[in-house]
Amino acid sequence: MLKDITLGQYYPAESLLHRMDPRVKIVGTMIYIVSLFLFNTWGFILGTVFLAAVILLSNIPFSYMVKGLKTIFILMLCTMALNILLTPGDAIWSWKFINITKQGIVMAGRTGIRLVYLVLGASLMTLTTTPTKLTDAIERLLKPFRVIRVPAHEIAMMMSIALRFIPILMEETDKIMKAQMARGADFESGGLAKRIKALIPLLVPLFVSAFRRANDLALAMEARCYAGGEGRTQMKPLKYENRDRISYGVLWIYLAAAIAMRVLLHW
């Protein structure tokens, strides 16, 4: 399951989405996430059509993207269960303190769809954008905030490193888990307390490895005289092209349609 995490990974391919300016993809991801919380019922059809079109443009196999949903399956089930059990409304079935309502089932369905679409939309951004371009895009988007002394370059660098470390740490976790299982460790049997205790041989070497990698990265940056973003230039500066301007137009039309569905049609 650890290998099924797609967030933070880059999938090399030749597509319109890969060639697009990373700033457009970041803004588009934010707009799509906002739109998911605007939809109530039929509006999700618009979100589905938009997401399907973007996936087709990315030339990324749908099976590769769907496998990233396995990592949030437990979280999605728990969230939907809490919505079903804790949302007040018209009772459909009751037993002692358990009360399942019609409104709870509807809320659980919306929450599940939003979680799935949110993961797919965010994964598209990282799958089609290299960490270097992502760093440059975040820095350029945060550049206006330098007026109020926001360290745009440093924030962009931290976010990029965090995304880059996700697949590395997952791979390291898988290696440590297999090594501990070869030594007789059992991570799957027993009660909750036993399983939590069994994670100690996994977490300790994982944290040690993470701190070692962070220290090596800091030393490598110091050896290359890295001193922040002041005075730094880019080998390939970001520049908007016609496809990026058209994409911005499509995004704003999509957001306007989502707002109209929520405000005017209550969808």
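**Entry 1: the whole chain**

I then listed the elements and found 11 helices and two strands, taking helices (H or I, at least four residues) and strands (E, at least two) as DSSP runs numbered from the N terminus. Along the sequence the pattern reads α-α-α-α-α-β-β-α-α-α-α-α-α. The C-alpha atoms fill a box of roughly 65 × 60 × 40 Å, taken along the principal axes. Of the 267 residues, 35% count as buried, where buried means under 20% relative accessible area, exposed over 50% and partly exposed in between (1.4 Å probe, protein chains only).

**Entry 2: confidence**

I checked pLDDT, the predictor's confidence in each residue from 0 to 100, and its mean for the protein is 85, with 96% of the residues at 70 or more. Confidence is lowest in helix 9 (residues 192-198), at a mean of 76, and highest in helix 2 (residues 22-36), at 94. I keep in mind that where pLDDT is low, the predicted coordinates should not be read in detail.

**Entry 3: helix 6 and its partners**

Helix 3 (residues 43-58) packs against helix 6 (residues 102-127) at an angle of about 25°, with the axes 11 Å apart; axes are lines fitted to C-alpha atoms, for helices over the stretch in contact, and angles run from 0 to 180 degrees between N-to-C directions. Helix 3 and helix 6 are therefore roughly parallel, since angles under 35 degrees count as roughly parallel, over 145 as roughly antiparallel, 65 to 115 as roughly perpendicular and the rest as oblique. The residues in this contact include Phe44 and Leu51 of helix 3 and Ile113 and Tyr117 of helix 6. By class, the contact of helix 3 with helix 6 has eight nonpolar, four polar and two charged residues (Ala, Val, Leu, Ile, Met, Phe, Trp, Tyr, Cys and Pro count as nonpolar, Asp, Glu, Lys and Arg as charged, and the others, Gly among them, as polar).

Helix 5 (residues 73-86) also packs with helix 6, at about 155° and with the axes 7 Å apart, which makes helix 5 roughly antiparallel to helix 6. Among the residues that meet here are Met76 and Met80 in helix 5 and Ala108 and Leu115 in helix 6.

**Entry 4: helix 8**

I looked next at helix 8 and helix 10 (residues 200-223), whose axes come within 10 Å and cross at roughly 140°, so that helix 8 and helix 10 are oblique to each other. Their contact includes Phe165 and Leu169 of helix 8 and Pro205 and Leu206 of helix 10, and by class it has 12 nonpolar, three polar and two charged residues.

Ile166 is found in helix 8 (residues 152-182) and is partly exposed, with a relative accessible area of 26%. I noted that Ile166 and Gln9 are 157 residues apart in sequence, and 8.0 Å apart in space from C-alpha to C-alpha.

Key. Residues numbered from 1 in each chain as written. Predicted model: local features only at pLDDT ≥ 70, side-chain atom pairs only at ≥ 80, totals over all residues. Heavy atoms only, no water. Contact = heavy atoms within 4.5 Å.
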